[in-house]
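Hi,

Here is the model I promised to pass on.

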Amino acid sequence: MTNGWIDIKNTDMMLIMGGNPAENHPCGFKWAMEAKRNRNAKLISVDPRFTRTSATADLFLQIRAGTDIAFLGGVIHYALENNRIAKDYLVNYTNAAFIVKEGFKLPEDGLYSGFDSQSGKYDLSTWNYEGTGGSGGEAGTAGHAPEAIPGKVGGATPPPHLPPNVNYDLTLQHPRCVFQLLKQQYSRYTPETVERITGIPKDQYLKAVDLFTSVRKDGDMKKVATIIYAVGWTQHTFGTQIIRTAAMLQLLLGNVGRAGGGVNALRGHSNIQGATDMAGLFDSLPGYLKAPTPADADLAAFLKRTTPTASKPNEWDSFNYYSNTPKFMVSLLKAMYGPAATKDNGFAFDYLPKVDRDYSWTHIWDDMYNGKIKGMMAFGMNGVMIGPDTNKNINALKKTDWLVVGEIYPDETSEFWRAPGISAEEQKTINTTVYRLPCAGFAEKDGSMTNSARWVTWKFAAVPPPGDARLDQDIVAQIFLRVRDLYKKEGGKFPDPILNLTWNYADSAHPALSQIAMELNGKALAELKDEKTGQVIKAGQQLPGFAWLKDDGTTMCGNWIYSGMWTEAGPQIQRRGTDDPSGLGIFPNWSWSWPANRRVLYNRASCDPAGKPWDPERKQVWWNEAQQTWAGNDVPDFKPDSNPKDHMGPFIMNPEGVGRLFAPIGVIADGPFPEHYEPIESPIKNPLHPNQSNNPLVKKFNTPFDKFGSPEDYSIVCTTYRLTEQYHYWTKNNAMNVQLIPEPFVEIPVELAQEKGIRGAEPIKVISARGTYIAKAFVTKRLKPMMIDGKKVYQIGLPIHQGFRGITEDAGRDARTPANLLTPAVADPNAHTPETKGFLVKVEKA
Amino acid sequence: MDTTRRDFFKTATIGAAAATIFGFDLQPAYAQLKELKIARAKETRSTCPYCAVGCGVLIYTIGDGAKNVTPQVIHVEGDPDHPTNRGTLCPKGSSLEQDMLNPRRLTKPQVRRPGATDWQDISWDDALSEIAQWTKKTRDATFIEKDAKGNTVNRCEGISFIGGCTDTNEFNYLVVKTMRSMGLVYMENQARV
Amino acid sequence: MSQASTEIVRISGHAGSVPGAGLNREFTVCKLVDTTTCIGCKACEVACLEWNGYTFTETTFDNSYQTMPETAWNYWNLIKFNEYENEDGNLMLLMRKDQCMHCADPGCLAACPADAAIVQYANGIVDFQEANCIGCGYCMTGCPFNIPKFSPTARKVFKCTLCNDRVSQGLEPACIKTCPTGCLHFGTKAEMKELAETRAKQLRDHSGYRNAGVYDPSGVGGTHVIYVLHDATNPEAYGGLPKNPQVPLMVRLWKHPLKWIGNFGMIFGVVGVFIHYLRFGPKIVKEDEQHGDAA
């Protein structure tokens with residue numbers, strides 16, 4: 001979330017789409033209700049089905065799953081046509097005025113300029129700003145420079161660079177300025193086209209669009225709208241681009257950085273934000289540092305590739321905060337390898353594995369199926385159930401030598417070898433050794449978790465783990481220490497990183513999480529002095545924050561964005577101050593949020609270019625002329641002494657300093673502007689460009705399990721979701737939750753039920769090209785048949801919570817078919833998230 | 001409101017009068033008020049493990065922590081001080097007591113041997129030793145020091161680690177530290193899906 | 001509530017003021033259920049079970065999110081769901097928390113023949129005292145909301161206690177405290193009534209629900225659980241909330257002689273007071289009246 005849960009109460013308008021917070025984040029949704037109760041805020045719910053969020057909405061629109069870019073592109077079109085935009089914000093805080101290189105082509109035929117149909121990749125040279133200064137490699141690269149990973153951009157060719165001085169036109173009239181290109185791009189997204197694609201009748205659509213953009217009626221800048229989404233947007237083969245469209249719309253309306261505004265991703269799980277921050281993902285290192293690639297010959301080369309230089313109009317200023325990348329990276333290497341990380345060996349840069357291709361989730365299972373991966377450790381992660389394509393994942397696991405599962409309940413992944421359909425005879429042929437280790441539940445361990453609002457909060461252990469169960473960190477530590485002992489004793493392949501990993505925890509086999517938290521925060525390894533203030537930090541002391549990090553090895557820090565969480569003043573993440581002086585729900589003294597305890601990101605943009613809040617009623621930060629500094633109720637997300645007349649951009653993490661309506665040089669792999677593509681399985685050809693129906697960068701795998709259905713055989717659009725009563729694959733072990741939703745069901749429209757002669761609560765089969773799911777029919781008026789490009793299309797939905805281990809399952813009251821055996825293993829080319837929303841099925845009586 | 005109050009008062013008066021005549025005594029009824037079950041419990045502040053709202057929860061345990069006493073969970077409810085949830089919890093958070101006291105919890109290490117059709121128990125020591133041996137054996141067999149072009153890559157492609165969604169930041173960092181140092185690149189998390 | 005019940009009103013043979021008088025505010029409690037912000041999450045159902053120590057009930061899926069058709073002896077709090085097309089043709093998913101209404105004129109209490117099996121506290125809570133329950137089930141006949149339920153194993157009748165153990169210690173009832181969206185409120189009847197009317201007006205003025213209103217049925221003397229409804233003219237749509245709930249006539253008849261005798265007793269009491277007044281002066285009668293006004 002750019003903002004936070006409580007901040008939703010400050011909004012005037014909510015567009016909730018690709019998310020169902022009433023059901024999946026009920027306690028956060030209270031703030032949406034507060035906005036309705038206290039500010040008469042409006043709520044627009046757009047969803048494939050009428051959910052319990054829709055039940056509280058002022059307007060509900062039923063959308064075909066996977067057509068969100070068409071919907072949002074249409075909103076951009078409407079806002080531009082009707083002048084419902086934030087002109088000053090747009091000119092000063094976005095790249096609307098930047099001029100794009102000659103030769104850049106919009107995807108009228110579904111493809112941007114530079115597509116090579118042979119390799120299936122884009123040449124990115126025209127996806128750039130026109131500008132001057134610097135030359136070639138000397139110019140440096142962008143903050144999110146593309147990586148050498150297939151599916152993103154070409155591996156061998158060096159990525160293009162952003163020009164240091166960008167040409168621009170503040171009148172926004174230049175035919176190649178971003179604003180004009182944006183206008184042109186979405187001129188095709190008329191209400192009529194949106195209706196053909198999304199199935200939302202034009203009059204309903206216009207009503208919703210008029211309501212949403214009404215916050216910028218008559219040039220008013222006081223009102224604020226928020227966009228709230230969740231995995232309904234991410235789980236598509238164009239998920240990143242849906243979110244980008246929302247971000248662009250919010251920039252266009254001047255809603256980013258403001259109380260009650262923003263683009264708010266509702267993360268699904270209690271510490272999924274923290275897991276992302278800590279880089280439990282193949283392509284990043286803690287704090288969103290890039291994973292090294294083989295082309296990075298040494299640390300210097302890596303830093304050169306990943307450290308951006310500013311790219312902006314000559315007269316403007318850009319903080320370009322990622323220019324500090326070397327400090328963050330060296331401090332991380334010092335945290336990991338301590339004394340073994342020296343200046344001479346590039347701070348042990350070579351200890352880190354280098355990635356040159358896609359090792360993401362769907363690739364794990366494909367490569368495992370193809371025999372590459374021999375062993376797997378799964379801690380609190382039920383990979384069989386999560387899918388996609390459960391059957392493929394089960395068959396992949398059959399080929400492994402060993403599997404370690406750390407869990408608190410018996411789960412499907414640890415019992416893949418006796419999944420339904422695998423006979424005792426077949427079990428004898430499965431040679432995987434499976435270890436199932438009993439772990440600790442949440443109440444049995446301490447440690448910090450980071451919520452969707454980036455609040456890092458410590459929790460305390462209340463009870464010991466049951467029986468012989470052990471703390472998760474102890475198990476990983478004990479495995480690691482035993483591996484280290486083996487390398488000490490026997491030697492082996494490149495043992496250096498294992499032998500030199502810092503492990504100075506007081507009790508090495510039971511590392512205290514408080515010590516690890518202090519390592520994450522970072523400390524001084526030599527005496528540090530701030531020349532400006534004269535403040536001194538002695539060697540061994542905890543750092544006050546990431547501003548103190550150094551690239552010379554005199555600081556260590558496990559995750560730079562978490563620096564400040566556990567300082568010399570103690571654990572900031574344990575703070576419990578309930579004061580909220582501004583009344584905006586900032587709660588500056590409650591726990592701690594990254595970065596630097598800021599609660600709303602980009603909050604400089606809550607002020608006009610002169611540094612005055614757009615809305616004096618909702619003052620977050622402001623420029624204090626007398627003291628020549630930025631001050632505020634929140635921590636300013638900005639260079640504190642940057643005078644507004646210097647025109648530094650508020651989006652300090654971009655080398656441009658401004659928000660990107662146009663995403664240059666392939667930072668988004670599939671195009672500088674989002675374009676509507678159909679889901680991989682779709683009932684129609686893309687009405688915008690039937691010859692390029694899908695995202696051209698999406699990769700399909702080749703195992704026998706990777707089958708796709710055509711609309712002739714599978715005519716129904718299906719989407720998956722979660723229910724408020726259950727939590728993923730966890731609460732099916734909890735009787736209280738099981739009784740609320742005792743059995744799996746499939747929500748189907750009344751009309752489809754009548755057509756098929758299906759009665760409510762009758763068992764039915766949902767069949768995709770990959771498998772058959774059996775559950776009871778939930779015949780409902782909350783899903784209606786839709787007209788898609790002149791064709792009647794049914795849409796159905798099913799929750800994912802039941803599997804083959806659980807209270808109901810063990811009692812034989814369930815067909816024991818995991819929902820994800822229906823879903824295809826195809827993923828978004830940017831975020832690598834699989835497309836589990838919007839695939840094709842057919843329905844039969846069971 | 002006035003009507004209601006008057007009606008209520010009248011009803012109460014009538015009831016009381018009737019009680020007098022029939023010799024009812026309401027004192028025993030008062031005595032039967034249930035004791036507040038958390039009256040002598042200890043409060044521990046925790047965070048709900050489910051969604052990313054991160055609600056503050058209070059875990060109520062009984063047992064004073066003396067050396068022969070194991071704390072017992074008797075109740076969980078929302079932390080009223082927490083600014084986000086202000087004491088509220090959803091249907092999953094409200095059932096957390098049952099998550100802790102659940103008879104389905106795994107309580108001992110188990111192993112399923114190749115070709116076996118069931119689990120067997122294994123000691124922690126044996127399990128950890130075997131896992132360490134598998135890890136080393138697989139790493140040594142699949143480790144790549146240089147790619148085809150001679151670039152240093154130092155990666156292990158034979159092992160994958162997948163992590164869950166409710167592990168702490170500190171655990172996740174420990175995993176990144178240990179697994180990256182073993183050269184793992186097939187590292188993914190619930191955060192992806 | 002136990003505070004209220006132990007509050008001293010009068011002390012015999014005591015000179016001067018009553019200790020604690022004016023320090024305890026006696027009030028009636030009330031739950032407000034705003035169905036327009038209910039998300040049917042059932043947190044209240046679970047919180048009720050957890051707090052009261054009831055566990056697993058086997059349920060079956062019945063083409064609805066609703067946990068079971070109606071409340072049970074060990075399931076006191078149930079969200080009722082209804083997919084409803086309103087007069088404008090718009091689909092609504094109506095969700096209403098069903099539970100004991102804690103009527104000011106409780107039909108269950110009127111019908112109950114057992115000594116002290118049902119009590120009504122000064123704060124409005126109607127509570128079943130299971131120890132005294134004889135399991136006759138008359139209360140079930142007396143209730144216009146179909147709330148008291150018979151347990152075949154315990155052979156007694158059970159229902160919501162309005163968490164009197166919590167309320168007496170200054171805590172909110174379990175269902176109220178847990179409610180994620182704040183659609184459940186708790187306070188004095190006066191406060192809740194005011195809040196409900198304000199919300200209903202907001203719904204009429206800003207959300208286009210022209211029939212939005214408050215449900216506090218007078219047929220049972222008003223209730224200590226009140227609702228805000230999008231359409232107060234059609235409470236039946238909310239999982240069968242009766243439009244004009246009444247204590248059944250049979251129960252009234254059965255209670256009528258008692259009432260009469262009670263009135264007689266009251267008159268007798270007033271006469272006694274009058275004699276007392278003649279004998280000792282006006283002081284006590286005045287205090288009695290003041291107390292009545294403050295109630």
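Among contacts in chain B between residues at least 6 apart in sequence, what percentage join residues at least 24 apart? It comes to 35%, where a contact means that the C-beta atoms of two residues, placed from the backbone, lie within 7 Å.

Some housekeeping before the rest. This is a predicted model, so local features need pLDDT of at least 70 and side-chain atom pairs count only at pLDDT 80 or more, while totals for chains, interfaces and linings use all residues. Residues are numbered from 1 along each chain as its sequence is written, and chains are lettered from A and ligands numbered from 1 in the order in which they are written.

Chain B on its own

Chain B has five helices and eight strands (DSSP runs numbered from the N terminus: H or I of at least four residues for helices, E of at least two for strands). Along the sequence they come in the pattern α-α-β-β-β-α-β-β-α-β-β-α-β. Of the 193 residues in chain B, 52% are buried; buried means 20 or more other C-beta atoms within 10 Å of the residue's own, exposed means 12 or fewer, and partly exposed is in between, with C-beta atoms placed from the backbone.

The mean pLDDT of chain B (the predictor's confidence in each residue, from 0 to 100) is 86, and 83% of its residues reach 70 or more. Residues 1–31 of chain B are below 50, although this stretch has 46 contacts in the model beyond near neighbours in sequence. Where pLDDT is low, the predicted coordinates should not be read in detail.

Where chain B meets chain A

The contact takes 102 residues from chain B and 134 residues from chain A. On the chain B side, helix 4 (residues 124–142) gives the most, with 14 residues. That side has 43 nonpolar, 37 polar and 22 charged residues (Ala, Val, Leu, Ile, Met, Phe, Trp, Tyr, Cys and Pro count as nonpolar, Asp, Glu, Lys and Arg as charged, and the others, Gly among them, as polar).

There is strand pairing between the chains too: strand 14 (residues 433–438) of chain A and strand 4 (residues 110–112) of chain B pair in the antiparallel sense over three bridges, pairing being at least two bridges found by DSSP. In it, A:Val434 has B:Arg112 as its bridge partner.

Helix 5 of chain B

The axes of helix 19 (residues 513–521) of chain A and helix 5 (residues 169–181) of chain B come within 9 Å and cross at roughly 70°. Axes here are lines fitted to C-alpha atoms, for helices over the stretch in contact, with angles from 0 to 180 degrees between N-to-C directions. The two helices are therefore roughly perpendicular to each other (65 to 115 degrees; under 35 is roughly parallel, over 145 roughly antiparallel, and the rest oblique). A:Leu513, A:Ile516, A:Ala517 and A:Leu520 meet B:Asn169, B:Glu170, B:Tyr173 and B:Leu174 there.

A:Leu501 sits in the loop between helix 18 (496–500) and helix 19 of chain A. A:Leu501 is buried, with 20 other C-beta atoms within 10 Å, and the residues it touches include B:Lys177, B:Thr178 and B:Ser181.

Cheers

Definitions and conventions: Lists of a residue's contacts leave out its neighbours within four places in sequence.
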